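Dear colleague,

I am handing over the structure below, and my notes on it follow directly after.

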Amino acid sequence: MSGETDTDTKEKEKQELLERSNAVATTTNKRRRDEDVTSASATATDSIDKKDDVKVSKNQIKRHAKWVRKMEVNKRRKDQEKSIKIAKAKAAGRDIAAEQEYMEKGRKDGSGWAKRNEKWLERFEKSSSKHQIYLDCSFEESMTYSEINSLATQIRYCYADNKKAKNPVKVTCSRLSGETLNHLKNIMGFDQWSHRAFFHTDKDIIETNNDKSKLIYLTGDSENILTKFEDDKIYIIGGIVDRSRLKRVTIDRAQKCGIKTAKLPIDDYLHLSSGKALTSNHVFEILLKYQENGGDWKKALLDVLPKKKEAIAIEKTTKILI
Ligand SMILES: C[S@@+](CC[C@H](N)C(=O)[O-])C[C@H]1O[C@@H](n2cnc3c(N)ncnc32)[C@H](O)[C@@H]1O
């Protein structure tokens, strides 16, 4: 007789799963080169480690292992794409070795980064987006650990989208602290985001801004419809992931603070079969696309909304303007 109880067996199984999952993560870590993948994976592994101190469920471990496998597939796909690109460049007569040497030199002496920085700043100066966007991270206390993790990922998407946008906008994460900030700090290069007009502060934009008439809180619960941007206005997006648990939290906050609200003109252009509450990064991306395509909401919405939302274009109706 082994004398092993059900609890012992379960504990063993759990431990095995965790070890297997971490083994995959370790192999992946060794092979990773892509900065973003490195940081994303570090955040996830970290989250499992931290959870482990508290309580890790079998499902969490399985999900983590699945995520790590997905990262590996993505990495292989990226490597393949890179090989194809190099083959095409070689076929076009480019000296790839010399180009790589030049890039490496630039990376070492900082001139490559400085040049890219200069170019980006030029694009930012010329950008048609003169308004500002704030991601209001005031809701951490109401979110679960995994929701906070998702929020950090969404903020990272916002940064990446703004960085490559045709018309980048000045972005600030306000009231950013605690676990959300910790997650972001794990991302390689986070301390450089301010070079791409992406800032953060632990201060509250609503409390610290003296002219409340300049603030517009974007929320799906508003009666008003956003039709265009005004240069001197600050548009606030709720930095919140709540899986539809926390009803009306952003509109309540905006109304309590006495600031204007507006929602995206979704009803004017689309029928969404799965609700109109969008993620913070989708809202942000829609705003960028609108600026990029010269003010076409329908196109911006259709470009960004995921297939999951089953967006169907409809005819325009009357709007309440803001
Ligand atoms: C996941 S939603 C948060 C939903 C949350 N229950 C609330 O009360 O706002 C994240 C943020 O995206 C923005 N958002 C989502 N859908 C929107 C819409 N249809 N129009 C404008 N902003 C929207 C809001 O700023 C919102 O706080």
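In helix H11, the residues His282, Glu285, Ile286, Lys289 and Tyr290 meet Trp297, Ala300, Leu301, Asp303 and Val304 of helix H12, where contact requires C-beta atoms, placed from the backbone, to lie within 7 Å. By class, this contact has 6 nonpolar, 1 polar and 3 charged residues, with Ala, Val, Leu, Ile, Met, Phe, Trp, Tyr, Cys and Pro counted as nonpolar, Asp, Glu, Lys and Arg as charged, and the others, Gly among them, as polar.

Please keep in mind that this is a predicted model, in which local features need pLDDT of at least 70 and side-chain atom pairs count only at pLDDT 80 or more, while totals for chains, interfaces and linings use all residues. Residues are numbered from 1 along each chain as its sequence is written.

The axes of H11 and H12 (residues 297-304) come within 8 Å and cross at roughly 140°; axes are lines fitted to C-alpha atoms, for helices over the stretch in contact, and angles run from 0 to 180 degrees between N-to-C directions. Helices (H or I, at least four residues) and strands (E, at least two) are DSSP runs, numbered from the N terminus.

Helix H11 (280-292) also supplies at least two residues of the shell around the ligand, as do strand S5 (234-238) and helix H9 (249-257). By class, that shell has 10 nonpolar, 6 polar and 5 charged residues.

Turning to the sheet, its 6 strands form an open arrangement in the order S3-S2-S1-S5-S4-S6, with parallel pairing, where two strands pair if DSSP finds at least two bridges between them. The twist averages 25° from one strand to the next.

Best regards

Conventions: Contact = placed C-beta atoms within 7 Å.
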